[in-house]
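Hi,

Here is the structure I promised to pass on.

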Amino acid sequence: MRPDTRTSSNFVYNDWPRLALQIVAATALASMIAGCAPSALSSARSQIAAGNYSAAHRQLVALAADEKKLSASERREVKDDLCLSDFMLGKPTFTIAEQRSVCAAAMKEPGSQSASIVAKIDEAARLKDAKEVEIALEARDLAGAERAATDYQRLPGADPALISRWSKEIWSLADEQVFADAGAKKRSLGATISELRKNYPNVQGMKDGAFTRWVVKTSTVSGTALASRVEMTKSTLVISVDDSNLQLAALSIDKLAAINDAMAARCGCDAHTDVAVIETGFPAYVIRLDPETRMSEVMILPRGDRAIVSATAN
């Protein structure tokens with residue numbers, strides 16, 4: 001059963017007016033302990049206590065703009081109160097990312113009270129992204145599912161088990177879309193495989209270890225090995241690539257196609273190669289044999305708003 005990832009404004013906000021008062025009281029107490037005299041912060045705190053978060057935000061922004069005039073404790077209080085007011089205003093005034101940025105800056109100040117708000121922001125973001133993944137998967141939206149899952153994976157507290165399940169479902173959806181015409185093409189692959197075996201005679205007798213080393217060497221570009229991890233079955237090769245090397249991989253599709261050609265020559269079968277992002281396990285490319293060109297075709301999987309694109313080596 002899939003986890004309930006529905007978001008609720010009550011989940012996030014029901015207790016926050018009370019917590020706002022608690023945080024204001026905590027920062028005021030810290031100010032008293034530090035010996036800080038009443039300042040322009042008093043007005044902003046009064047606005048927060050009254051629920052006038054927009055007015056508090058304006059006053060706090062003005063105070064923060066002249067940060068050099070603030071003591072260390074006052075600077076902490078301004079940032080904590082700004083975090084709180086922006087969080088309480090919430091969307092659409094401030095996106096989750098904007099709220100977190102302000103609160104993360106506040107947390108850097110010694111004695112900050114903003115950690116609990118950052119935790120709630122992260123939880124809200126995880127719920128939002130998880131809901132978007134589930135909706136995209138239900139809609140068979142490969143690009144949307146991978147985009148939302150990648151956003152979720154980058155958040156603190158992301159659930160590895162959930163990411164693993166999504167990865168399997170995203171790969172299943174990718175295979176479904178990429179291999180929709182596989183039946184018709186598979187019937188005419190005999191000549192392609194025979195030709196590839198002539199082009200790659202040396203790989204046919206290679207043991208798994210030797211072939212893995214060949215894959216790593218072949219995928220190396222300007223001294224950088226694209227393949228951070230190589231796994232294989234009889235007919236499927238999985239190459240995992242660091243996210244930071246994806247742009248380099250995009251410029252090296254001829255190498256990826258050649259690797260799948262060699263894989264097909266080695267097994268004498270309808271081989272295909274999956275290229276995954278090692279940090280998430282999500283798909284980047286699927287490489288399959290094309291009987292029309294008698295070479296491997298690289299299917300560039302959706303990222304962002306891009307649809308599936310096919311490319312062949314020159």
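Below are some notes on one helix pair and on the salt bridges.

This is a predicted model, so local features need pLDDT of at least 70 and side-chain atom pairs count only at pLDDT 80 or more, while totals for chains, interfaces and linings use all residues. Residues are numbered from 1 along each chain as its sequence is written, and side-chain values use heavy atoms, leaving out hydrogens and water.

Helices first (DSSP runs of H or I, at least four residues; strands are runs of E, at least two). α5 (residues 72–89) packs on α7 (residues 115–138) at about 30 degrees, axes 10 Å apart (axes are lines fitted to C-alpha atoms over the stretch in contact, with angles from 0 to 180 degrees between N-to-C directions). That makes the two roughly parallel (under 35 degrees). Cys-83, Leu-84 and Phe-87 of α5 meet Ile-117, Lys-120 and Ile-121 of α7 (contact is heavy atoms within 4.5 Å).

Now the salt bridges: there are 17, counting a side-chain nitrogen of Lys or Arg within 4 Å of a carboxyl oxygen of Asp or Glu. Arg-294 pairs with Glu-195 at 3.2 Å, N to O. Arg-294 sits in the loop between β6 (283–290) and β7 (295–300) and Glu-195 in α11 (residues 190–199), so this bridge ties together parts 99 residues apart in sequence. Asp-208 and Arg-266 pair at 2.7 Å, N to O; they lie in α12 (residues 208–218) and α14 (residues 253–267), so the link spans 58 residues of sequence. Arg-45, Arg-76, Glu-77 and Asp-81 form one network through shared partners.

Cheers

Note on methods:
Parallel < 35°, antiparallel > 145°, perpendicular 65-115°, else oblique.
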